[in-house]
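Colleague: Could we go through the helix packing, the domains and the burial in this model? Please display it before we start.

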Amino acid sequence: MRTIVQALSLLLFSLLFFLATYKLPDWLLADIYLRLDPLLGLNAIFAAREVIGRSLWGLVTIGATLLIGRFFCGYICPMGISIDFLNHLFFRKKKYKILKTETSLRKAKYLLLIVFVMAAITGLSLAFLMDPIALLTRFYTFFIYPLAITLINLLLDLIRPLSKALGWITLTHLHYFQPVFYMSAITLLIFGGIIALNLLAPRFWCRYLCPLGAMLSLISPLGIFKRRVSEECNECKKCQKNCPMGAILDDPRKTHLQECFQCRTCVHVCPQNAITFPASLSIGGEYSKIDLSRRGFIYSLAGGLGVGFLATHTPFTRLQGKHHLIRAPGAIPETEFLRTCIRCGECMKSCLTNTLQPCLWESGFSGLWTPKMDLRLAPCDQNCNVCGKVCPTQAIRSVSLEEKNHAKVGTAILLKEKCLVWAQNKICLICDEICPYNAIVFRPVEGYGRPFVIASKCNGCGFCEQRCPVLGDSAIVVVPDGEIRLKEGSYVVEAKKLQLEFKADPGDDKFILEGSGFKLDGDTGEKKKVKY
Amino acid sequence: MDKHEKITRRRFLKMAAAGAALGVAGRPSFSFAKEEYDLAVISGEPVAATKKALEVFGGISRFVKKGIRVVLKPNMSFARTPDVGTTTHPLVVATVAEACIRAGARQVLILDYTLHRAELCLERTGIREACRNISGVYVQAVQERKFFKEIPIPQGKVLDRVEVIKEVLDCDVLINLPVAKSHSATGVSLGIKGLMGLIWDRESFHSRVNINHALSDLATVIKPQLTILDATRALTTGGPGGPGKVIKTDLIIAGTDPVAVDSYGVSIAPWYGQNFKGRQVEHLLFAHQRGMGKIDTDQLKIYKGTL
C-alpha cells in the first residue's frame, strides 16, 4: 500500500517535472511539489521579508501534518521515495547496527533547520542547500533530464533504420533537443552522497539531516494517528529492528513520535499482531520532546546568523547594483531576486532554448545555483514565458507573453574590433537577420553598410549574440544595461515610460487558417481528408 | 526605417552596377514551344491560385508519378505566423501536398532546416496544422547534423562540397515552395535563396565565402523540378526574419526554371521601396550566367491569369 502511494507520488513528481516546459498550460501547477514544501516557503518569505502567494501552499502540508502526523516523509516526499527505492536496489542485504552517535545525530537536523531559518532572517536564502524537494528538482534538472533525453535519442537512433524501413516517417525524423547544464557533475555528487549515506543507516538523510523532516517532526506529535502497542507484545523487538526511521525505543512499546512517519512496517512485522495505529486525540506523549542541548541551540543560532552575515556582506553584495549577469525576463530586482530564489532549477528545466543556466560563483555564495542567461549558448525565445510560470516563489514573475517581451533583460552592444563587417569589411548581416525586434540597422560608414544597435528597440533576447559567426566570444553581446526589473507592476507600462519600443512579432497565438483572410476554395474551411 | 531603406537601396544599386557589367555575358535562350509556358503567374487566393498554376503546367501529375516520394521545401524557418510574411503560406503548402497525394505520390515530406526551434516553427507557421489531415503527408523540421549527408559540388566556384538533408537526396521529386521576401544579405529571398534551408552549414555562407557565389554553387546541385513562389504577400522590408512591411501581392508564380521564377518574383513588388529587375540581384545573375535559367522576364513565355 505504502509502496504504491510512494510510486504514484514519485511518478507524479516526475511527470510534472517533465511537463514543465513550453507550452505549459496555465492550469497545470507544475511546481506544486515545491509550493507544498513549507520549508522552502518559510525560507523565501523570511528571506524576502514578504508574503509570497505561492509559498502559502506550504500551509497545506503543515495542516495535513498537524492532522495526521509526519506522513509526508513516508508517503509523499519524492526524495524519501528515491532513497527508499535506491536503498532497496543497492543496500537491500545490508545489516545495520545502531550508530553510536545516534542520539546526537538526531539533533543535527533540528540544528540545521535553525541555521537555515536564522540565515533566512538575515536575508540569505540557504535552505535550498538541503531542502529535499529543491535538491531533488535540481538533481532531476541537471542530471536526470539531460540523461533521459540522451537515452531517448539513443533509442531513437537505434530504431531509426527500422523506422525508416517501416515507413514511420515521424519516428524516422524524431530527435529531442538535448539540454546541457553547467553544474550537472556537482549536483550528481551531492545526490550520490545522500544515497551513499544509506550505508550507515537506512534513510540516514531523513533521520539525521533533512531540515524539512525536522520542521515536520516538530509538529508531527500533534497528529491524530499514533502507534499503540497492546499487551500482546512479547518484546521480541522485531519492530524495532525493522523500523526504517529508528523511531522505536529500547522499550518496543514506546515511540519517538517525531520520527515515526507512519509507514506501519512495525504493524506488518509484529508476530503478535500487537501494534495498531488508532486515531487518538491525545497530544504528544513523553517521547515527543526534542532534547536539543542549550549549547547546540546557541551554536546553530549563531551559525545561521554567521553564515547569513558572511554571505550577505561581501564585495558581491555591493556589486549587486552593478551586476554583470543577465537574469531571466521577469526576474525581480537583483537583491530581492537572490533572497527569493530557492534554487530549485525548475526555470532552467522549463527553459525552451536552454539559455537558463545555473551560477556557480558568478555572484558569490549567495548566488549559488541561481539562474542566469547564457546568451552565447542560446537566446530567449519571444514565444515562451514558461520560466516565470513554474517559479514556485515568483523570483521570476509569471507574466503574459506581451509583458515578458517588455521585461528587457539587457542591451546588445557591438564590439567593432571583433565584428566581421566593422573590422574586416565582410558582408555579414546575421545579427540583423535574426533580430526579432529590428533593433539592428545598417548605416553606411566608409563605403560599407555597417551594423548599429538601436538600444531602445533591443530587449536583450540574445539571438544576435548566439548567432554571431565570430568564433569565441560573440562580437555582439548582451549586457544588463537598461534591464527592467520590477517587483510589481507592468513591464509594458514601464517600457513605454522609458520610451522603449519592442515590436516583436510572436504572431497571433490564436492564428487559425480560416482567420488569416484566406479561404479554402469554395468550401467552408473544413479540414480535408484525402484518400489514396 | 527610412535609413534602413536607404542603405539597402544602395546595396541594390551596387548589385545593379555589377549586373550591368556582367550581364553582357548572359545569353538568354528562347522558348519556341507553343504550349509550353516558362511561368504561370496567377493572381488570386492562395488555394485557387496554386491549383490554377499547377494546371497551367499540365497538372502536378506531370511531375509526380504514382508511387514516388516527393519532398516539398517551403520556408518554415521562422516561428512566426503567416501574416508576418517570413514563411510560406500554409494553404499553398497544403494545396501542393494534397495535389501530390492525389496524383498518387506514395509519400510527401515537407522539410526545412529551421532557424528557430523546430517545434515552434511547425506550430507557428501553421504548416503542420494545414497538412494535419492529409494522409501520406509529413511535416518535419530537422535541426540535427545526423539528418544531413555530404555531397560534392563538381561545378562549385566557392564551395566544393555541401551537406544536404538526406531525404532531399533520396527523393524522386523536389518541389520548392519559397515565400517572397526581402533579405538583408542577398536583396531578396526567393526560390534559390530558399535552398539554403536544405543544407547544414549556413554560417559559412555569411562569414567564409561570398554568399551570392555560394548560392549559385548550391543551385548547381539542388535542382527542384518545380518552383512555386508564394507571393500571396511579400515582406518587402525587414526580411528575412521580419518584422517588416508586408504588401499584399496576391500572386502565385510557378515554373520549372528556378531563375525565371525568382527573376519574375523580383519584379512583383518594390523591395525596400524601390523597383528592381532580376538581373539586379547578384545571386540570380550568377545562376543565370552559369546556365541555370533565364533571367530576363520580357523574354519569358508567361501564362497570366486572374481568378
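Colleague: Is the crossing of H1(A) and H6(A) left-handed or right-handed?

Modeller: This is a predicted model, in which local features need pLDDT of at least 70 and side-chain atom pairs count only at pLDDT 80 or more, while totals for chains, interfaces and linings use all residues. Residues are numbered from 1 along each chain as its sequence is written, and chains are lettered from A and ligands numbered from 1 in the order in which they are written. A crossing is left-handed if the near helix is turned anticlockwise from the far one by less than a right angle, and right-handed if clockwise. For H1(A) and H6(A) the crossing is left-handed.

Colleague: Which residues of H6(A) make the contact with H1(A)?

Modeller: Contact requires C-beta atoms, placed from the backbone, within 7 Å. H1(A) contributes Gln6(A), Ser9(A), Leu10(A) and Phe13(A). The partners from H6(A) are Pro78(A), Ile81(A), Ser82(A) and Asp84(A).

Colleague: How is H1(A) placed relative to H6(A)?

Modeller: Angles under 35 degrees count as roughly parallel, over 145 as roughly antiparallel, 65 to 115 as roughly perpendicular and the rest as oblique. Helix H1 (residues 2-19) of chain A packs against helix H6 (residues 78-90) of chain A at about 120 degrees, with the axes 9 Å apart. H1(A) is therefore, relative to H6(A), oblique.

Colleague: How many nonpolar residues does the contact of H7(A) with H15(A) have?

Modeller: H7 (residues 102-121) and H15 (residues 294-312) of chain A pack at about 35 degrees, their axes being 7 Å apart, and the crossing is right-handed. Among the contact residues are Leu111(A) and Val115(A) of H7(A), and Phe297(A) and Leu301(A) of H15(A). By class, five of the contact residues are polar and one is charged, and the number of nonpolar ones is eleven.

Colleague: How far apart are the C-alpha centres of domain 1 and domain 2 of chain A?

Modeller: The domain assignment places domain 1 at 338-403 and domain 2 at 411-479 of chain A. The separation of their C-alpha centres is 25 Å.

Colleague: How many of the eleven residues of H2(B) are buried?

Modeller: A residue is buried if 20 or more other C-beta atoms lie within 10 Å of its own, exposed if 12 or fewer, and partly exposed in between. The buried residues of H2(B) include Val47(B), Lys51(B) and Leu54(B), and their cover includes strand E1 (39-43) and helix H3 (90-102) of chain B. Helix H2 (residues 46-56) of chain B is mostly covered, and its count of buried residues is eight.

Definitions and conventions. Axes fitted to C-alpha atoms, helices over the stretch in contact; angles between N-to-C directions. Helix = DSSP H or I, 4+ residues; strand = E, 2+ residues; numbered from the N terminus. Contact = placed C-beta atoms within 7 Å. Domains from an automatic or database assignment. Nonpolar A, V, L, I, M, F, W, Y, C, P; charged D, E, K, R; others polar.
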